[in-house]
Amino acid sequence: MIQRVKKVEKPWGYELIFAHTDRYAGKILHVNAGEALSLQYHERKDETLYLSQGECDFFVQEDGLMTERRLLAGDVYHVLPLTQHRMIAGPAGCEFVEVSSPELDDVVRLEDRYGRV
């Protein structure tokens with residue numbers, strides 16, 4: 001069955017949701033140069049991020065401490081529920097492919113440079 005991709009504009013770029021069922025979700029996150037996603041966590045959502053283009057600074061809670069990692073194209077990171085994380089795109093921007101459990105609205109924002117709650 002052919003479906004349409006849903007584009008969701010974001011202050012940091014946009015998302016292309018290409019799959020959303022009761023069992024899984026798939027989307028592409030395009031992050032403009034220097035822009036940042038909110039510092040956030042998910043109560044139930046389990047996600048794996050594949051950086052398909054560009055590079056980014058990835059801030060993630062590991063063993064109770066916030067750690068900064070430089071992700072390059074080809075890197076993959078599995079984000080478990082309740083793990084605080086944030087991505088900040090490099091100077092050329094970046095694109096992630098995200099596969100996750102289906103709870104797309106499960107976002108708890110702790111900090112957001114665009115004033116979202």
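The count of aromatic pairs in this structure comes to one. The model is a predicted one. A charge also meets a ring here: the charged end of K7 sits over the ring of Y14, at 4.4 Å from the ring centre.

**Cysteines**

The disulfide count is zero. A disulfide is a covalent bond between the sulfur atoms of two cysteines. For C56, the closest cysteine sulfur belongs to C94, and the separation is 4.8 Å. The cut-off for a disulfide is 2.5 Å between the sulfur atoms, so the sulfur of C56 is too far from that of C94 for a bond. C56 is buried, with a relative accessible area of 0%. C94 also counts as buried, at 3% relative accessibility.

**The largest pocket**

The largest pocket holds about 350 Å³ of space. Its lining has 24 residues. K10, E15, K27, L104 and V107 lie nearest the pocket centre. Which strands each supply at least two residues of this lining? They are β1 (6-10), β2 (13-20), β3 (25-31), β5 (47-62) and β8 (85-100).

**Positive phi in loops**

Most residues other than glycine have a negative phi. D63 has a positive value, near 55°, and is not a glycine. L82 is not a glycine either, yet its phi is positive, at about 75°. D63 is placed in the loop between β5 and β6 (65-72). L82 lies in the loop between β7 (76-79) and β8.

Are these two residues buried or exposed? D63 is exposed, with a relative accessible area of 83%. L82 is exposed as well, with a relative accessible area of 55%.

The table sets out the accessibility values for the residues discussed above.

| Residue | Relative accessible area | Class |
|---|---|---|
| C56 | 0% | buried |
| C94 | 3% | buried |
| D63 | 83% | exposed |
| L82 | 55% | exposed |

The classes follow from two cut-offs: buried means under 20% relative accessible area, and exposed means over 50%. At 0%, C56 is therefore on the buried side. At 55%, L82 is over the exposed cut-off.

Key. Residues numbered from 1 in each chain as written. Predicted model: local features only at pLDDT ≥ 70, side-chain atom pairs only at ≥ 80, totals over all residues. Heavy atoms only, no water. Phe/Tyr/Trp six-rings, centres within 6.5 Å; stacked < 30°, edge-to-face > 60°. Lys NZ or Arg CZ within 6 Å of the ring centre and 35° of its normal. Buried < 20%, exposed > 50% of the residue type's maximum accessible area, 1.4 Å probe, protein only. 1 Å grid on protein atoms, 1.4 Å probe; cavity = no way out; pocket = protein on both sides within 12 Å on 5 of 7 lines; lining within 4 Å. Points joined across faces, edges and corners; volume = space filled by probe spheres on them. Helix = DSSP H or I, 4+ residues; strand = E, 2+ residues; numbered from the N terminus.
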